[in-house]
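Please walk me through the side-chain packing and the charged pairs of the protein shown below. Give the cut-offs along the way.

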Amino acid sequence: MAQDLRRTAVVVEDDVFQRELIAMMLEESEFDVIQCESAETALLEINTNYPSFLVTDVNLSGRMDGVELAHRAREHHSELRIVVISGQQPARSLPDGVKFYLKPVHPTTLRREAAQ
């Protein structure tokens, strides 16, 4: 599948400034970036575009949070690299292989995760 070879990232953050900042940093790292403000929209994009990297905040608008998004994305896309970010530790455990970083996340940290 040709889309699997593309370096596409999905950034899920309901704070526009934070989302734009992360997207810009990933674009500088040669990713095509799909920006979403809700987990529901992000899940549709993941199932349609087969990205290689997902960055999601825990607290999002909509009914699903970033932890649930990480679980659902991992169920269907086991190779997807996932990073969850938040200002505090998530209340629930993350799926195996999902990285967690406290905000503010340094750009080099996300670049390193994206490059793997």
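Met24 lies in helix α1, which spans residues 16-28; helices (H or I, at least four residues) and strands (E, at least two) are DSSP runs, numbered from the N terminus. The model is a predicted one, in which local features need pLDDT of at least 70, side-chain atom pairs count only at pLDDT 80 or more, and totals for chains, interfaces and linings use all residues. Residues are numbered from 1 along each chain as its sequence is written, and side-chain values use heavy atoms, with hydrogens and water left out.

Met24 counts as partly exposed, at 44% relative accessibility. Here buried means under 20% relative accessible area, exposed over 50%, and partly exposed in between (1.4 Å probe, protein chains only). Together with Phe17 and Leu21, Met24 forms a nonpolar patch on the surface, and the three have about 330 Å² of accessible area together. Such areas come from the Shrake-Rupley method with a 1.4 Å probe, and for residues only the protein chains shown count as cover. Patches are made of residues with over 30% relative accessible area and no salt bridge; like charges are joined within 9 Å and nonpolar side chains (Val, Leu, Ile, Met, Phe, Trp, Tyr) within 5 Å.

The interior comes next. In soluble globular proteins, nonpolar side chains tend to be buried together. A nonpolar core is a set of buried Ala, Val, Leu, Ile, Met, Phe, Trp, Tyr and Cys residues joined through side-chain atoms within 4.5 Å. The largest such core has 20 residues, of which Val10, Val12, Ile46, Leu54, Leu69 and Ile82 touch the most other members. Two or more residues come from each of β1 (8-12), β2 (32-36), α2 (39-49), α3 (66-76) and β4 (81-86). A second, separate core holds 15 residues, including Val11, Ala23, Met25 and Phe31.

The structure holds 1 aromatic pair. Phe31 and Phe53 make up this pair, which is tilted, at 6.1 Å centre to centre and 40° between the planes. Rings of Phe, Tyr and Trp (its six-membered ring) pair if their centres lie within 6.5 Å; planes under 30 degrees apart count as stacked, over 60 as edge-to-face and the rest as tilted. Phe31 lies in the loop between α1 and β2 and Phe53 in strand β3, so the pair ties together parts that are 22 residues apart in sequence. Phe31 is buried at 4% relative accessible area, and Phe53 is buried at 0%.

Charged pairs remain. The whole structure has 6 salt bridges, each a side-chain nitrogen of Lys or Arg within 4 Å of a carboxyl oxygen of Asp or Glu. One of them joins Asp57 to Lys103, with the closest N and O atoms 3.2 Å apart. Asp57 is in strand β3 (residues 53-57) and Lys103 in the loop between β5 (99-102) and α4 (107-115), so this bridge ties together parts 46 residues apart in sequence. Asp57 is buried, at 5%, whereas Lys103 is partly exposed, at 26%.

Asp65 and Arg92 meet in another salt bridge (2.6 Å, N to O). Within helix α3, Arg72 and Glu68 lie 4 residues apart, about one turn of the helix, and their side chains meet in a salt bridge at 3.6 Å, N to O.
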